[in-house]
Amino acid sequence: MSVYVNETAVVDDGCVIGDGTKIWHFSHIMKGCNIGENCNIGQNVVISPDVVIGKGVKIQNNVSVYTGVVCEDDVFLGPSMVFTNVINPRSFVSRKSEYKQTILHKGCSIGANATIVCGHEIGQYALIGAGTVVTKDVKPYALMVGNPARRMGWVSENGHKLVFNADGLATCPETGQTYKLENDIVRRIS
């Protein structure tokens with residue numbers, strides 16, 4: 001295996017890029033980035049210095065992943081979604097020492113044109129709907145929509161809405177995996 005970098009893309013010195021990763025047209029991977037294996041970095045993507053991207057991450061077109069963002073394995077970043085990294089930006093005030101960390105846990109998906117305000121964690125396998133504005137932490141398996149984001153339910157690891165019975169159990173219609181809802185927390189039990 002090898003890394004594919006389109007001739008119009010720029011990869012700065014000091015980056016580590018895993019086997020099987022593809023970097024497409026007009027993207028810029030800045031110094032010190034660590035990108036895992038088998039990632040797909042779409043067209044016109046900017047990954048700022050020292051960002052960490054796990055394995056199997058898909059970053060769609062027109063996304064800027066700013067310093068302070070960590071994407072664990074199998075994260076999906078939809079087209080034109082937005083991160084921030086400072087709470088109160090001003091063009092005339094340097095706040096590089098105030099970047100807030102944002103963590104996207106394994107398998108979560110962020111829809112097209114969603115905004116993730118910095119300093120929050122998106123739980124594993126959470127699904128953030130298109131256009132949603134996230135202003136607080138998101139629980140694992142949560143389905144979030146709106147501005148500000150509100151939980152509208154729960155989803156399986158494969159992204160299907162979960163319907164829980166009286167015992168707090170639900171089954172993914174695609175995989176047959178079973179999930180338990182208890183104390184407002186979902187976990188996979190099989």
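In the predicted model, Asn113 is found in the loop between β16 (109-110) and β17 (115-116). The phi angle of Asn113 is positive, at about 65°, although Asn113 is not a glycine. Asp74 likewise has a positive phi, of about 60°, and is not a glycine. The loop that holds Asp74 runs between β12 (69-71) and β13 (76-77). With a relative accessibility of 40%, Asp74 counts as partly exposed, because that class lies between the limits of under 20% for buried and over 50% for exposed.

A cis peptide bond links Asn147 to Pro148, with omega near -5°. Pro148 is placed in the loop between β21 (142-145) and β22 (150-154).

A search of the whole structure for disulfides returned zero. Cys71 is in no disulfide: the nearest cysteine sulfur belongs to Cys108 and is 7.2 Å away, whereas a disulfide requires a pair of cysteine sulfur atoms within 2.5 Å. Cys172 is also in no disulfide, and here the nearest cysteine sulfur, again that of Cys108, is 17 Å away. Cys71 has a relative accessible area of 2% and is therefore buried. Cys172 is buried as well, with a relative accessible area of 1%. Both values are to be read against the limit for burial, which is under 20% relative accessible area.

How values were computed
Residues numbered from 1 in each chain as written. Predicted model: local features only at pLDDT ≥ 70, side-chain atom pairs only at ≥ 80, totals over all residues. Heavy atoms only, no water. Helix = DSSP H or I, 4+ residues; strand = E, 2+ residues; numbered from the N terminus. Buried < 20%, exposed > 50% of the residue type's maximum accessible area, 1.4 Å probe, protein only.
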